[in-house]
Every structure is written in structure tokens, then in C-alpha cells.
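Subject: Structure handover

Hi,

Here is the structure we talked about. Please open it alongside this note. My findings follow below.

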Amino acid sequence: MRLLKTGAFVRAAQAAKFSVPSCSRIPISSPVTVPSRWASSQAQAQASPDEQPFPEQSVNLVNEVDPAKTAAASSQSGDHARFEKKLQELDLGNEIIRENGQSGAKILGAPYIFDQTSNLSSSILDLVGRNLYDHPDHPICITRKLIESCFEEPTYKHFAMGNPVVTVRDNFDVLGFPADHPGRSRTDTYYVNSTHLLRTHTSAHQNAAFQWLANNPSSKGYTICADVYRRDSIDRSHFPVFHQMEGARVWEAQRNRAAQIERNCEEMPKTGLVVEDQATDFTGTANPLQPEHNPDEVYQVARHLKLSLEYLVSRIFEASRQSLPSAARTDAPMQARWIEAYFPFTSPSFELEVLWHGGEWLELLGCGVVKQGILNKAGLNDHISWAWGVGIERFAMLLFGIPDIRLFWSTDPRFLKQFTRGKITKFEPFSKYPACYKDIAFWIKPVPSASSPLGSQSAHTTSGVAAAAGGDATKASPAETQPAAFHENDIMEVVRDVAGSLVEDVKLVDEFVHPTTGRKSLCYRINYRSLERTLTNEEVNGLHEEVGRRMKDLFGVELR
Ligand code: PHE
């Protein structure tokens, strides 16, 4: 289910073009060689004694599913049981294991047996468990703390969710994603198997978090921070793993609730933002009120939501302004605008766009009034709630002036040493190594009505995946849920697996249909560049040939 909205497409296209202004092009990082234990030991070493343990350690927000039991239930064969036992006994980091035609993975200590839906790669598993948001001096954690500080305890409880393996149910079903929603497709999502996946958004924990609120009525809201995973294009603002934060605020049933929410609105700090609101009408079919809701209450909930997020954005903007040298600071207020949006789990829904330091309009976040069925299912009958989701990298890139998303995964001290907890400082590019681009051209296997990777981008549609929250709203199209000859994310995944972060971006540069045979040829340009060193010609040639080989073997393309 997707809406046809030209405006949404234009905005999404703008967002996809997002790059941070005023920063020179710099090389990328190569994060995947770091031992997976690095994250936790480093965090412990750096954490100050008064650092609070993350709530996750004391509060379990995951709907517990025992993967071993699930795997065992789905297989009667003794062979499978033996393989599963072997997986359990291995003392590995995250790893894919293949043996006698069976395959599976160990992810953060838990074994999973693959099935026909699995599409994990070892390069993606190497990034699981790094928990960048737990390192007090990492820009992701500094940004997280800044966002949390806008939603104060005890009204809001702050959570971080370490394990990214969630059920398909929690990530999609419970949130009302229709069966044919493009976000569910294997080209967009990393499936562990047909029941489990690497969460694609923090909303995967919404149901559990609302249940937690139902049992802890002294809290009225929460934030959740987590790493999320999406098969996506390769460029300077997209990486298959990124970080999101989600927040929600509930009000229980009470007499004259609209007046209560209005009072809460009056208590919100005032901001200097100049805001235009293009999303105030909830009476039509485009962005409707839910039938079970009282309109007065919804208007106040939407107002409280918008004020809360305007406050967040103004705090981020102010922190960024303060980190500029005084000569570069202007007193011009930031401009923001609210526009209508669509998410399967909220209605009405909104997106917030800002003019950042006079640049272009930038989509920052998605939000809305939570669907009543979701609250009821979690035991919050008669409550009303708003929720929002933001991509932390997008904020952090703006705040710190970080021009390439891969830098967040860098372990180079020249990157890490630049940041200190509680402080916003502008990133100083430390080196620039040469880029080396190579083209790969191939005929795709003929399949009737094969969708074009370009065609999907020109569809005037929106998927309920906020580009602001880190997705690429231009990517998904209904055609992607059908088997297609070739999907652009397939080549992205092959490149990622072969070359990791040694690739800065991959772009389609030519598309051509043979006039007589009707066969389609595509040409992609792969831009190789390392953050840490100059790549040799031999090395790049070797990587590029391997990309070609895998494209041939895995997708049956004919190289030209
Ligand atoms: N989960 C949404 C996304 O990833 C963002 C969102 C969260 C929207 C909560 C509305 C409410 O795009």
C-alpha cells in the first residue's frame, strides 16, 4: 500500500541528493576489519564511573523469541538438529557457516538456520554488535545524548537496543505493513530466515515499548536508540547499517484530555524557529484522523508532537551554530516546514523539513499520531499517543560536519580522537586519498517486463519509509516485490561484500535496450577510494574483477 504523491517524490529525491554543505570531499573508512569485541571493551574503558548502565541491561524490550526453538520447530530432520547443535557449540563472533549443503549463522551468540528467505552476508554481520551509540566519545553517541536530553526523565524513559535480530512480526506485521509493502522485499531487507530479520527501523520495538509503558504508568513516554539495517544504494549518505532513534508520548484516558494536552503544549520551551505548517488538515482522505479519535484531542496531540520536535531541531541547530567559529555564525533563525506524510502505523503523519544554514530544504524526520490498534494491542486501550523516528547519522553529519557516512565506522584515531562526550566540534578532514573509478557493463537476463532500476526511482510514490529516518524513499517500488531480472540493490550488495568500505559510491551511468533483441544493458560506475591509504591499481583491478565474477555467477548477467 503506497500513496501516489508527486510532492513526496520530489522531496524524497531532494533528500536522496542530501550532502553536507561546506565540506570538501574526503576519503572513506574501512571499518570491517575491526574485531567485533572492540566495541564493548572500548566502551567499558571509556565509560566514566558515573555513566548510567543502559536501560536495556535492566529492562528487556524485546519480545523474546528463542531462535534455536524456532529453527528446531521448522525442521524435523536429525541432520538439521546436529547442524544446529554444532552452531550452538561454536564459540565464534558473528559468522556464516556452510556445511554439507546446509547453512546458518551465529549472531551475537545465538544460532540461526538459514532457509530460502535468508540473504545475510558476512560483510553485514561484521558490523553487528559494534554499538557505536554506546561509546561516550563517538559522534553517534554524542548525538544520541543530545536528542535524549530534549526528552527528559521521568516523563520519558531512554532505551538502547543491542541485538538487531527481531521477528518479522515485530518489524512489519504488528505495525500494519501490508503483505506487499516494498519494505518487506528481500532486495530491501536483510532476512536471517523467514521468521527473523535485521530490524529495518527502531519501530520494530514500538510494540514492546508500549507494553512496557502499560506496565510502568509512571513513565509517559520513551526514546529508543538502535542500529538498523537496510539493503540500499552506496553513496556518501547511505550505509547498510545506520542508527535511528524513536520516541513516543502517551496520554491516558481522562476527563477533558484535550485541555490537559493543551496545557502540556503551553509548558513546552519556546524556540526561535520560523515554522510553516502545511499539514494541519486532517479532514480529507490524504492524511486522515482515525475514526476512533476525538478531533480536539488529535489536534492537541499533533501540536504537542510538532512542538516537541521543533524544540529538538532548534537544540540541534543551536548546538551546531555554537560549534562554528564566531565569524561564520549568523543570527538568522532556522526555517522549518511541516508536510504531510504516510506511515502504515501512524495517522495523521508528518515530516519535518528544515533549511539548514541557508542550504536547501532537507527532510529530517518522520512522525505521527499512533494507530489506535497498536496501542490497544500493547495494553494501552483508551490512551492516545504520538511517535517519531529520526536517523542519527543525518543529524550527526549536520552537527559535526561529517561529509561521508562511512566515517562513523572508522577506527582511525585521526577520526575518533576529534570527538569528546558532551561537545559538538566540527570535523577536520585529515587526509584525502585518490579515487579510482571503474565501470561494469552487462546484459541482464531477459525476463518479461523486467523492472528498471531507474524506473523504480522515477515512480511517483512513497513507501512509508522516511528518507529522513535514513531510508531512501526513492528506492522502493511495487515492482520490487515481484521477481525481477535484476535489482539495483543486488549489485550494491555484491560490491559491499567484495570491497566493503573501499567504495565511495556506485552509480548507474548508462541504460540501453538493444533495438532488435530487446535485451537490456546496464552500466554502473564504481568509485573506489580508501579513507586510510592510497589503493594500488592491482588491488582495485582484483576487486573489480571479483565484482564481475560474482555478478555473473549470482545473477547470470553477461558482462560486456
Ligand atoms: N520508522 C519510520 C522510518 O524508519 C519512522 C517513524 C517512526 C515514523 C515513528 C513515524 C513514527 O522511516
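A salt bridge here is a side-chain nitrogen of Lys or Arg within 4 Å of a carboxyl oxygen of Asp or Glu. By that rule, D134, R144, K145 and E148 are linked in a network.

Before the rest, some ground rules. This is a predicted model, in which local features need pLDDT of at least 70 and side-chain atom pairs count only at pLDDT 80 or more, while totals for chains, interfaces and linings use all residues. Residues are numbered from 1 along each chain as its sequence is written, and side-chain values use heavy atoms, with hydrogens and water left out.

**Salt bridges**

The structure holds 27 salt bridges. Buried means under 20% relative accessible area, exposed means over 50%, and partly exposed lies in between (1.4 Å probe, protein chains only).

- D170 pairs with R169, with the closest N and O atoms 3.6 Å apart. D170 is buried at 7% relative accessible area. R169 is partly exposed at 43%.
- K507 pairs with D505, and their closest N and O atoms are 3.9 Å apart. K507 is partly exposed at 48%, whereas D505 is buried at 8%.
- E558 pairs with R519, the closest N and O atoms being 2.6 Å apart. This pair links distant parts of the chain, 39 residues apart: E558 is in strand β17 (residues 558-559), and R519 is in the loop between β15 (503-513) and β16 (520-528). E558 is partly exposed at 41%. R519 is partly exposed too, at 28%.

Helices (H or I, at least four residues) and strands (E, at least two) are DSSP runs, numbered from the N terminus.

**A buried glutamate**

E246 is found in strand β8 (residues 241-251). E246 is buried yet has no salt bridge. The nearest side chain of opposite charge, R230, is 8.5 Å away. For that search, Lys and Arg count as positive and Asp and Glu as negative; His and the chain ends are not counted.

What does the side chain of E246 make polar contacts with? One partner is the side chain of S203, at 2.8 Å. Another is the side chain of Q206, at 2.9 Å. A polar contact is a pair of N or O atoms within 3.5 Å; within protein, one must be able to donate a hydrogen and the other to accept it, and residues adjacent in sequence count only if both atoms are side-chain atoms.

**Cores**

A nonpolar core is a set of buried Ala, Val, Leu, Ile, Met, Phe, Trp, Tyr and Cys residues joined through side-chain atoms within 4.5 Å. The largest has 81 residues, and I107, L120, L309, L365, W388 and I402 touch the most other members. Helix α11 (residues 295-322) supplies the largest share of this core, 11 residues. Another core, of 28 residues, lies apart from it and includes F159, F172, F210 and W212.

**Strands**

Two strands pair if DSSP finds at least two bridges between them. Strands β1 (residues 95-99) and β2 (residues 102-107) pair in the antiparallel sense over 5 bridges. I97 stands opposite G104 in β2. The two strands form a hairpin with 2 residues between them, and N100 in the turn has a positive phi of about 45°.

There is also an open sheet of 4 strands, antiparallel, in the order β15-β16-β14-β17. β15 and β17 stand at the edges with a single partner strand each, so one side of each is left without a neighbour in the sheet. Strand β14 (residues 436-443) pairs with β16 over 8 bridges. C436 stands opposite Y528 in β16.

Best wishes
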